[in-house]
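Good morning, and thank you for coming. Please look at the sequence and the structure as I speak.

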Amino acid sequence: MQDIEAERHNKKQKGRNVTTQVSVNEVKQFLSHILERRKLLKVIYQRENALVKRKIQRKLRIKGIQNKDLSKRNKNYLRRQAKKNFTDEGDQLFKTGIKILQQSKSQKQKAEAYVFFAKAADMGNLKAMEKMADALLFGNFGMQNITAAIQLYESLAKEGSYKAQNALGFLSSYGIGMEYNQAKALIYYTFGSAGGSMMSQMILGYRYLSGINVLQNCEVALNHYKKVADYIADKLEKSESIPVEKVRLTERPENLSSNSEILDWDIYQYYKFLAERGDVQIQVSLGQLHLIGRKGLDQDYDKALYYFLKAAKAGSANAMAFIGKMYLEGNAAAPQNNATAFKYFSMAASKGNAIGLHGLGLLYFYGKGVPVNYAEALKYFQKAAEKGWPNAQFQLGFMYYSGSGVWKDYKLAFKYFYLASQSGQPLAIYYLAEMYATGTGVLRSCRTAVELYKGVCELGHWAEKFLTAYFAYKDGDIDSSLVQYALLAEMGYEVAQSNSAFILESKKVKILEKDKMYPMALLLWNRAAIQGNAFARVKIGDYHYYGYGTKKDYQTAATHYSIAADKYHSAQAMFNLAYMYEHGLGIAKDIHLARRLYDMAAQTSPDAQIPVFFALMKLETVHLLQDILFFNLTMLWKWVKLDNALGPSWDLFVIGLIVAVLIFLLRNHYW
């Protein structure tokens, strides 16, 4: 059984197996006809209406009714009825596709869902058309066709689709399949945000925060980000935060599969082996990964409960607490049961487990299975918070913020929100942003509030594209990966900005012209650098040094290297700056400062020691040769000057002096 399960999981991880080919081909066949067939819908409706009209006329002749008004009403009614039936069928197909997509655990099942979307889109269902347009844009199942995607988006935009408005704005901002036009992109984003697009709201928030093609305005940025943060916070209060696996392509380009953000298949199998051998810590870890769906693994409640039960049987308090959590929230493997949740939370709490203590606090706070008791909830939250559990710290902050069972105390609320936020608790970050935005308990700070709201917004469901973009890149689908990263970059994700720039400078992209790649990469490196990416700051220096996407400018390159060296202690920046000081490129030549920077680079990073060794050898060799040459040129001048001062026999005088000193030293030595 284990071998069969492993084989199935391996197929799921590889993603693009042969079994999906039939469904994918079927989707492509539908896609190739959607636009053309939509044009024929009017003709179809006209034919149907003509048939209906003839049937009605026959009935009216038989009954001898010649009432024109009645005929007109019947005609309109039947037309609406036919259209409604057609629309209802499309809606049903779309809902079926959504249901399959939500329950799917393999690429084959997902491809089958898109077959239903394609059929629904063919019937004019707008939501299905949006799904298909997204599939064409992002290259789902290898069917990327940006031209067809744009045609669908333009058709949808005319019908008021805010998702289409957002997509067209994104494509215009990069010049992908459309004219590069930032003004037009801004208009699309504005219409998209007005229609309710959270992504457009987030993009506009980032643009006003950074002053991208608009006047920088913190208050406007705050307004946009708050709308998205409110939406995300509402989702977070109902369920767990969405796992965001942000893999940096710049860190390990030679071995992406070893990236710590994604669990390698072989390592996963090794962990499973250890778990079956009784390693309790591994059992709890695998249970957590499957509970949320982390590190590239699918969410699987059955597997999560399986590993937690094994670990709990071995006495793991953490496993007991997580089982309680599963029963408290309820899912397919552990149906909602307050009594069972209380049982497992109590077992964990009796061992002093922070998660179990927090769970009991939640039961008393919300009155689940027990009467509401704020005093008991406060007691358990305090015990869990003292042990450093961020969710308990947040709950304490919320109690003091809202005055639930305690007097309102904004200072204590701020204290606990801040403590929880240091561990990344998203709701704590949200309430901190609320306090800074309104000046509640703290001095109002628009900039701080925006930065905090931005962090919450980046937990939206759209962050799932980090994972699909990474796997697309790993599978060699560069264009699909770029489009997904570029959209996230437009929304202000720093990791996506650096990843997009990294892909663009590789010049493997086919959806952009070659001469646009370096300028666009430079733009994205610059945005990432502004958000604190040291590597991106060094890259900007490199682009100005070599003239990639801009004119060669040694002085600007040196400025960026200096920022990276001084602010981020980048060894690469120190090395590059040392080289420029050594040769006087864009800055005044200074050998001593060059030596110092080379030494600092070696001290900062062990990887820099060998390059620094060779650089210093070269520097000292060149400097020695220069000194020898300088010595030969000045020796004649020195000889003439000594002859004038001490006479022609000055050399004999010096030799005699040296001999006298030697005799004196020898005598003292023997004495």
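Predicted model: local features only at pLDDT ≥ 70, side-chain atom pairs only at ≥ 80, totals over all residues.

Residues are numbered from 1 along each chain as its sequence is written, and side-chain values use heavy atoms, with hydrogens and water left out.

Let us take helix H5, residues 126-138, which contains Glu130; helices are DSSP runs of H or I with at least four residues, numbered from the N terminus. Glu130 is buried and has no salt bridge. Buried means under 20% relative accessible area, exposed over 50%, and partly exposed in between, with a 1.4 Å probe and protein chains only. A salt bridge is a side-chain nitrogen of Lys or Arg within 4 Å of a carboxyl oxygen of Asp or Glu. For Glu130, the nearest side chain of opposite charge, Lys163, is 4.0 Å away; Lys and Arg count as positive, Asp and Glu as negative, and His and the chain ends are not counted.

Which salt bridges link distant parts of the chain? Lys226 and Glu434 form one, at 2.8 Å from N to O. Lys226 lies in helix H10 and Glu434 in helix H20, 208 residues apart. Lys226 counts as partly exposed because its relative accessibility is 30%, whereas Glu434, at 14%, counts as buried.

Finally, Arg527 and Glu490 meet in a salt bridge of 3.7 Å, N to O. Both residues are buried. Salt bridges with shared partners join Arg207, Glu490 and Arg527 into one network.

Terms used: Helix = DSSP H or I, 4+ residues; strand = E, 2+ residues; numbered from the N terminus.
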